[in-house]
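Biologist: Please put the model on screen, and I will ask about a few places in it.

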Amino acid sequence: MPDLGKRARQKLERPREILEAAVEEFVRKGYMATRVEDVAKAVGVTKGTVYFYFETKEALFNAVIRHFAPVFETTTEVPADKQVAELLSESLTDLYARITRERRTREIFHLLVAEGRHFPQLLDDYFVEFLQPSIDRLKALLALGVKRGEFRANALEGTTEILLSPAVLANVWTVVFSDRRPIDHNKYLANYRDLVFHGLKSPR
């Protein structure tokens, strides 16, 4: 008799397997050149099976972006015995690591840059679902730092985008230059944090 438990597990795993194969195809070939039958072949299923889970290639692409997009910490609670600068430093370190060092995150970023103009709604959704919570958290930490007197009074004026920019630049650099001109991420991150906190520090 067939192992129904095994078949059930395979069925549950199938969407993830399809997404894993699809992201490889999209990254290697781009959206337009990727064929659903190639994704199916990589998984070892029929094209109809892919369409059973994802109605169109566009739906598959959207699912790939959402499945592999990073989820960042969103809490803004700071213990009374902990400096806001310390928590902000931890947050920036986590953001930097997730954006620049995780292969799938870099690949999703590359796909959004390369294909995003064809999917404006997807770009908007990605921003709202994945980037906006991180931006809101950084703004909340900056505001708390100003309130506690740790950060200068004008620390909220356009600072959030500046905080995110070095990680985005490092990601672009890695995608474009890869092994030809590698970044020393430890030094880059240390200098990044040093510049940030010297700039934010309240002149008390």
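Biologist: Leaving aside neighbours within four places in sequence, which residues is Pro166 in contact with?

Modeller: This is a predicted model, in which local features need pLDDT of at least 70, side-chain atom pairs count only at pLDDT 80 or more, and totals for chains, interfaces and linings use all residues. Residues are numbered from 1 along each chain as its sequence is written, and side-chain values use heavy atoms, with hydrogens and water left out. Pro166 lies in helix α8; helices here are DSSP runs (H or I, at least four residues; strands are E, at least two), numbered from the N terminus. With contact meaning heavy atoms within 4.5 Å, the partners of Pro166 are Tyr96, Tyr188 and Tyr192.

Biologist: Is Pro166 buried or exposed?

Modeller: Buried means under 20% relative accessible area, exposed over 50%, and partly exposed in between (1.4 Å probe, protein chains only). Pro166 has a relative accessible area of 18%, so Pro166 is buried.

Biologist: How are α5 and α8 oriented to each other?

Modeller: Two packed helices are described by the angle between their axes and the distance between the axes. Axes are lines fitted to C-alpha atoms, for helices over the stretch in contact, and angles run from 0 to 180 degrees between N-to-C directions. Helix α5 (residues 84–101) and helix α8 (residues 159–177) pack at about 25°, with their axes 9 Å apart. Angles under 35 degrees count as roughly parallel, over 145 as roughly antiparallel, 65 to 115 as roughly perpendicular and the rest as oblique, so α5 and α8 are roughly parallel.

Biologist: Which residues of α5 and α8 make the contact, and how do they divide by class?

Modeller: From α5 come Leu92, Leu95, Tyr96, Ile99 and Thr100, and from α8 Leu163, Leu164, Pro166, Ala167, Ala170 and Asn171. Ala, Val, Leu, Ile, Met, Phe, Trp, Tyr, Cys and Pro count as nonpolar, Asp, Glu, Lys and Arg as charged, and the others, Gly among them, as polar. The residues of this contact therefore divide into nine nonpolar, two polar and no charged.

Biologist: How is α5 oriented to α7?

Modeller: α5 packs with helix α7 (residues 120–147) at an angle of about 160°, and their axes are 9 Å apart. That angle makes α5, relative to α7, roughly antiparallel.

Biologist: Which residues of α5 and α7 meet, and what classes do they fall into?

Modeller: Val84, Leu87, Leu88, Ser91, Leu92 and Leu95 of α5 meet Ser134, Arg137, Leu138, Leu141, Leu142, Leu144 and Gly145 of α7. By class, this contact of α5 with α7 has nine nonpolar, three polar and one charged residues.

Biologist: Is Lys139 buried, partly exposed or exposed?

Modeller: Lys139 sits in helix α7. Leaving aside neighbours within four places in sequence, Lys139 is in contact with Leu156 and Thr160. Its relative accessibility is 39%, so Lys139 counts as partly exposed.

Biologist: Where is Ser202, and which residues is Ser202 in contact with, leaving aside its neighbours within four places in sequence?

Modeller: Ser202 is in the segment after α9 (185–200). Ser202 is buried, because its relative accessible area is 16%. Apart from those neighbours, Ser202 is in contact with Gly149, Glu150, Phe151 and Arg152.

Biologist: Which residues of helix α2 are buried?

Modeller: The UniProt annotation "DNA-binding region", from an unreviewed entry, covers residues 35–54; such annotations may be inferred rather than shown by experiment, their positions are given in the numbering used here, and feature names are shortened. Over residues 35–54 the chain is 75% helix and 0% strand. In helix α2 (residues 36–43), the buried residues are Val36, Asp38, Val39, Ala40 and Val43.
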